[in-house]
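These are my notebook entries on what I looked up in one structure, taken topic by topic.

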Amino acid sequence: MKALNLGILAHVDAGKTSLTERLLLDAGVIDELGSVDDGSTRTDSLTLERQRGITIRSAVVSFVVAGVTVNLIDTPGHPDFIAEVERALGVLDGAVLVVSAVEGVQAQTRVLARTLHRLGIPTLIFVNKVDRAGADPDRVLRQIADRLTPDVVALGRVEAAGTPAARWLPFEPDDLAHRGRLLDLLTAHDDTLLAAYVADEQAVTPARLGAALATWTAQARVYPIHAGSAITGAGVDDLIAAVAELLPAAEGDDDVPLSGTVFKVERGPAGEKIAYARIVAGTVRVRDRIRYRRDHEAKVTGVDVYDGGEAMSADSAGAGQIARLYGLTDIRVGDPLGDPPDRHAGRHHFSPPTLETVVMPVRAADRPALHAALAQLAEQDPLINLRQDDLRQEIAVSLYGEVQKEVIQATLADEYSVPVTFRETTTVCVERPVGVGAAVEWIGREPNPFLGTVGLRVEPGPLGSGVEFRLGIELGSMPLAFLKAIEETVRETLRQGLRGWEVIDCVVTLTHGGYWARQSHSHGVFDKSMSSTAGDFRNLTPLVLMAALARAGTRIHEPVHRFRLEVPADLFGAVLPVLAGLDAVPRTSALRGMTYLIEGEVPAGRVHALEQRLPSLTRGEGSLEAEFDHYRPVRGPEPGRPRWDHDPLNRKEYLLAVARRVTGRPQR
């Protein structure tokens with residue numbers, strides 16, 4: 001049976017999880033409609049999700065329609081959990097973007113729509129809550145065309161909107177106005193259809209229009225719109241039919257080498273690790289030894305696939321399926337299985353977290369338990385970027401927002417019995433080199449205590465390039481294991497630069513390299529003290545790199561968000577001084593009817609303050625969208641960050657830290 005991996009995406013409170021429940025009910029998977037308010041939905045299984053009525057972790061359920069197994073992935077709607085959405089995007093064949101008929105297009109709606117379009121994921125749009133008081137589907141349709149994409153077409157209309165009797169009426173094939181709108185949209189993309197229409201208008205039958213709509217929807221060039229209510233069920237049957245008719249099922253060959261991607265990791269009741277994976281090609285079977293994350297390999301001890309709404313034990317999972325895999329003890333989110341798939345899985349589609357905070361246990365004796373608990377949470381969400389400062393006995397995590405911090409706090413208390421508090425949330429900055437610097441340490445020359453020669457040059461790289469490592473020596477002049485150790489250590493060391501922030505957009509070139517070949521005494525016993533090892537290069541590289549970086553110099557940059565703010569026209573003058581006080585820079589402003597649209601830039605650290613002030617500032621009528629755009633040099637004093645490991649610029653302190661790590665005992 002064919003499979004379709006379908007994502008349900010929306011701004012928070014648009015009714016995404018309720019729609020998932022209705023789809024499962026109408027497909028016969030469940031007998032009773034669950035309620036978000038009552039905490040009885042199938043996909044919100046975490047205690048915290050049920051208590052708060054929001055989706056925190058992606059969940060997978062399935063149903064069958066028209067001979068296709070639809071693996072439905074319900075994703076979080078709150079922007080603080082965008083990392084969960086990011087991981088799900090890499091495994092989707094299609095998506096349903098849910099928009100509220102009352103609130104209309106919101107900030108997260110725009111972010112999701114742009115990402116779906118950029119990734120080329122076929123998408124249907126569902127305007128939900130047409131039965132709610134204040135619902136205005138026609139207004140929302142105009143918003144979608146204006147703010148998301150003009151390449152949309154409604155496949156029906158809503159009758160009695162804003163009342164419990166609201167219903168969705170699909171357009172009939174002989175509806176001339178609808179036929180005209182379809183022709184205008186499709187012929188803008190399809191020259192063959194346009195030529196056929198010009199040659200003989202009657203030759204373009206409703207069936208041909210339907211086939212063209214399916215073709216261009218599958219290519220993510222047009223976006224059909226349905227509407228209805230997840231609560232009453234209005235319009236949902238037609239949405240299910242459209243999923244089967246317009247979205248393409250997964251493709252793949254079961255008989256080729258395995259290729260897949262892990263998009264979610266969780267712990268089972270006994271603490272065992274469970275990996276959720278999209279199998280792109282090939283087959284994974286119980287007891288197979290599979291390769292992942294470069295040179296890692298493990299045996300699969302169990303496989304679950306989705307059937308009839310539940311994950312069922314199976315002997316294997318084939319191409320196109322979503323599987324739960326057991327036995328991969330050190331698997332991580334984003335790991336490729338077998339041959340890395342040529343898909344968008346594993347790439348960053350949204351900006352990284354721009355906030356961080358220090359987590360502190362209420363009881364000092366809970367420090368070990370806190371670290372273990374946060375390590376498990378980091379398995380599920382690597383972007384929290386867990387960092388431990390052994391010197392200060394502190395643990396820091398990265399965040400998207402304050403709600404995420406509240407969820408971490410509740411999870412630690414409820415699931416791990418570790419109550420915690422947080423320090424004030426701060427902005428995550430980065431460092432960029434401002435010049436060129438070089439350093440070298442020679443083997444056998446004081447004060448280098450390691451059996452290796454390493455020379456490195458650091459220089460600025462193009463904006464957005466990250467860290468590029470280059471070889472300035474001949475490839476065969478050193479063993480590959482040593483070169484690999486140097487490159488990996490360079491990338492790890494640059495996670496903290498001269499002022500403690502991650503170093504980005506730089507080029508690091510290996511200019512010198514040398515080693516002592518494997519040597520032994522006359523009786524044939526290997527002598528480590530006479531032979532270079534990868535450990536020598538892992539220990540020496542940070543010392544050389546930080547010396548080169550110090551000579552190059554760095555400048556601290558802070559994250560800046562691009563914002564889009566709508567305010568009542570009569571309050572425009574009152575809003576501008578507030579923006580200036582938050583260091584926001586309006587770039588454009590335009591009057592649109594009774595509202596002003598202001599677009600500009602604001603430091604990431606000020607977005608939360610703007611969100612808090614907006615309701616009182618605009619009588620509750622203001623609307624703010626903000627997302628990461630770029631980094632800019634910090635204005636005023638540059639904020640430093642406490643180092644969480646050791647300081648390679650302090651040679652004595654660094655060498656003592658290395659000795660402690662190597663020998664496992666304190667050094668004097």
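I take helices to be DSSP runs of H or I of at least four residues, numbered from the N terminus. With that in hand I looked up Ala369 and found it in helix α10, which covers residues 367-380. I note that the model is a predicted one.

Entry on Ala369. Its relative accessible area is 37%, so I put Ala369 down as partly exposed.

I found an open sheet of four strands, ordered β26-β27-β30-β28, with mixed pairing. The edge strands, each pairing on one side only, are β26 (437-441) and β28. From one strand to the next I noted an average twist of 20°. Strand β28 pairs with β30 (residues 506-514) in the parallel sense, over five bridges, and within this pairing I noted Val508 of β30 as the bridge partner of Phe469. Helix α12 (residues 480-493) packs on the sheet and touches β27 (453-460), β28 and β30, its direction making about 155° with that of β28. I also looked up helix α13 (residues 534-552), which lies across β26, β27 and β30 and runs at about 35° to β27.

Leu471, which has its place in strand β28 (residues 467-471), makes a nonpolar surface patch of about 310 Å² together with Leu475 and Leu480. I recorded Leu471 as partly exposed because its relative accessibility is 38%.

Entry on salt bridges. Searching the whole structure, I found 34 of them. In one, Glu625 is joined to Arg110, with the closest N and O atoms 2.4 Å apart. Because Glu625 lies in strand β34 (residues 623-633) and Arg110 in helix α4 (residues 107-119), this pair ties together parts that are 515 residues apart in sequence. Glu625 counts as buried at 9% relative accessibility, and Arg110 counts as buried at 12%. I also found both residues in a network of salt bridges that links Arg110, Arg147, Arg564, Glu566, Glu599 and Glu625.

Next I looked up Arg632 and Asp583, whose side chains meet in a salt bridge at 2.8 Å, N to O. This pair links distant parts of the chain, with Arg632 in strand β34 and Asp583 in the loop between α14 (572-581) and β32 (585-592), 49 residues apart. Arg632 is buried at 6% relative accessibility, whereas Asp583 is partly exposed at 28%.

Methods:
Residues are numbered from 1 along each chain as its sequence is written. This is a predicted model: local features need pLDDT of at least 70, side-chain atom pairs count only at pLDDT 80 or more; totals for chains, interfaces and linings use all residues. Side-chain values use heavy atoms; hydrogens and water are left out. Patches are made of residues with over 30% relative accessible area and no salt bridge: like charges are joined within 9 Å, nonpolar side chains (Val, Leu, Ile, Met, Phe, Trp, Tyr) within 5 Å. Accessible areas come from the Shrake-Rupley method with a 1.4 Å probe; for residues, only the protein chains shown count as cover. A salt bridge is a side-chain nitrogen of Lys or Arg within 4 Å of a carboxyl oxygen of Asp or Glu. Helices (H or I, at least four residues) and strands (E, at least two) are DSSP runs, numbered from the N terminus. Buried means under 20% relative accessible area, exposed over 50%, partly exposed in between (1.4 Å probe, protein chains only). Two strands pair if DSSP finds at least two bridges between them. Axes are lines fitted to C-alpha atoms, for helices over the stretch in contact, and angles run from 0 to 180 degrees between N-to-C directions. Contact means heavy atoms within 4.5 Å.
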